[in-house]
Amino acid sequence: MLRRIFILLTILAASATAQAARNEKPFVIPELKEWTGGEGDFTITSSTRIVVPADNQPLHNIAGMFADDLRKMFGIEAAVVSGKAADGDIVLSLRADSKLGDEGYEVRTARRAELTAPTATGLYWATRTILQMAETHGKSGSHRAVIPQGKLRDWPDYALRGLMLDCGRKFIPIEFLQDYVDIMSYYKMNFLQIHLNDNGFKQFFDNDWDKTYAAFRLESETFPGLAAEDGHYTKAAFRELQKRAAQRCVEIMPEIDMPAHTLAFVHYKPELGSDQYGHDHLDIMKPETYEFLDALFAEYLEGDDPVFAGPRVSIGTDEYSNRDREVVEKFRYLTDRYIRYVESFGKQACIWGSLTHAAGQTPVKVDNVLMQAWSNGYAKPQDMAALGYKLLSIPDGLVYIVPAAGYYYDYLNTKYLYEEWTPANINGVIFPERDPAITGGMFAVWNDHVGNGISTRDIHHRAYPALQTMAAKCWDGVSVTVPFEVFNLRRHELSEAPAINLMGRHVAAGGDDYTPFWSVERLNPGTEYEYEDVGYDYMVTFDIECADEAPGTELFRSRDAVFYLSDPISGMLGYARDGYLNRFKRRVSAGRKMTISIEGDNRSTRLYIDGRLVEELARGHKWYSEKAKTGYVPTLVFPLRRTGDFRSRITNFEVKQK
């Protein structure tokens, strides 16, 4: 009897030891659906080949992007080849699997890594998972990417997982959008909506529609001069952005918002504005309004190479007046008309949910129409689903970011979203998980307050943790198993995307003390250095023997910002980004020696001289009138790429970050 017990205990101990040796589930975002741990690691080096079928160009394209990302992230020069695979290779191939759907994939790693999926999209997502596994496994380094061996299967719960960016009230440069395509694809977020037109609020512009800021952001040849002079996209650049996104399995959905939020069109053609409901409303009773909209949409939808290249286009249709029955019925007519007009060009129409707000008798097309469910007061989700609309969950009370506005969110409540929310929750109306009426979920960044100082880097500081969280919940719904505290800590182990660092992070996140990461004994003018910039929270310190500096003399510049030793207006220390110039009340005076420190976070930028805080440009308010004010944010992601042609002697230059 004792012998039997001993044998059983030995077997159990051996089993426990073997189980303990199995690799734990890798941390990636979004979390893997299924994982069976193997033993040991699979190592990717420059001798690793990426093997794809000779006759499949889409797979060759994916393999090429994967190889490029391995080079960017780990310095690995992996060759893309066709033919017979050998040990140590990575193999990409298509294989039918009904459970995996259009975006699912399987990875098996042992002597080689085998990536299979029913579609090229699934294989692309598999390569993102491999890169993330290599980042979080803890054994990768220069010229080496290491992942745990095992088998995984993964697929999304929701087909659309995305972000809406308001580019109308704040111009978002095309380079930023390109970076965001890469960031979204790294986290398997596949839907980027670009809100191309909007306007500020009249109360901030002397209650005068003619003075109120408004912009349309896309080049127009049909209506020359319609595109905003302070920033717009050329047709060629917009086409290229969509092409880049499609290669990375991200769909870009352009939005022309109408018949409200259209002050830019009324500024261009004043006769189109509604005198009854406000000039941010088109007068939908006038035939001229339809002639204008027909021509505008046609410019971007017609032809063999349309400017709107993707499968979907948003026609807006939110927040129009419902003051009387006549306007409600005309609004419903217009909505139906432009759904069908967009469809006539082979596109699916997307609309903001407004049909509860605009309840009426005029029929509005339902079949094959995507509705963004954002406000239950404007469109009751259950009623819209019962009518047959496919809903895209974007509940304003949970996932709207409006930077520095004082309403909605400045930063999303990512803990709540991670622990409590899925796309099936539309502002408290709960659908069954994976209900076929819900196509997916997304969050939004609305730049409501024109001129509030917010930079694109401030937008990213808010959007990036939200994006990581939404990526997790739109892919996995209720099946996440990693506790939020672990998720929120370990998410920092991941890159934003290969070779992208919009957060400007150079030291490990989480510490309260500044850590030096770069220093130069003497800073030379007209020199390019290794870092682009440093993000919040940072301190830049240097000694300076001051010389006369002409107005506009730069200390440093990056793609997104300039720091001046002598600003172009008044010759003060200052900085510019996103069209905003912020100045300290201090200047560089010839003959003076001092130590200058600049400290910056997501609320303010502080100037120290000889160790003493002399001025703080802090988050506050910008007054437009006695009663109208907005927040103002004078932040700076400090530029480090290239020095200006200064005359002062600058030594002991050091950059630190928390």
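**Asking how we know**

Reader: What does Tyr 187 touch, if we're not counting residues up to four places away in sequence?

Author: Quite a list: Ile 29, Pro 30, Gln 132, Tyr 464, Leu 467, Gln 468, Ala 471, Leu 494, Ser 495 and Glu 496. Touching here is contact, meaning heavy atoms within 4.5 Å. One caution: this is a predicted model, where local features need pLDDT of at least 70 and side-chain atom pairs count only at pLDDT 80 or more, while totals for chains, interfaces and linings use all residues. Residues are numbered from 1 along each chain as its sequence is written, and side-chain values use heavy atoms, with hydrogens and water left out.

Reader: What makes something a nonpolar core, and which residues have the most contacts inside the largest one?

Author: A nonpolar core is a set of buried Ala, Val, Leu, Ile, Met, Phe, Trp, Tyr and Cys residues joined through side-chain atoms within 4.5 Å. The largest has 164 residues, and Tyr 180, Tyr 187, Phe 216, Phe 297, Phe 308 and Phe 443 have the most contacts inside it. Helix α12 (residues 456–476) gives the largest share of this core, ten residues. There's also a second, separate core of 38 residues, which includes Tyr 538, Cys 546, Phe 584 and Phe 638. In soluble globular proteins, nonpolar side chains tend to be buried together.

Reader: How do you know that Ile 147 is buried?

Author: Check the cut-offs: buried means under 20% relative accessible area, exposed over 50%, and partly exposed in between (1.4 Å probe, protein chains only). Ile 147 has a relative accessible area of 0%, so it is buried. Ile 147 sits in strand β7 (residues 145–154); helices (H or I, at least four residues) and strands (E, at least two) are DSSP runs, numbered from the N terminus. Ile 147 touches Asp 41, Phe 42, Thr 109, Ile 130, Met 133, Ala 134 and His 137, not counting residues up to four places away in sequence.

Reader: And what makes Asp 206 count as exposed?

Author: Its relative accessibility is 51%, so Asp 206 falls in the exposed class. Asp 206 has a positive phi of about 60 degrees although it is not a glycine.

Reader: Why are α2 and α3 called roughly parallel?

Author: Helix α2 (residues 57–74) and helix α3 (residues 120–136) pack at an angle of about 15 degrees, with axes 10 Å apart. Axes are lines fitted to C-alpha atoms, for helices over the stretch in contact, and angles run from 0 to 180 degrees between N-to-C directions. Angles under 35 degrees count as roughly parallel, over 145 as roughly antiparallel, 65 to 115 as roughly perpendicular and the rest as oblique. So α2 and α3 are roughly parallel to each other.

Reader: Which peptide bond is cis, with omega about 0 degrees?

Author: The one joining Ile 29 and Pro 30. Pro 30 is in the loop between α1 (2–21) and β1 (34–44). Another cis peptide bond runs from Met 258 to Pro 259, with omega near 5 degrees.
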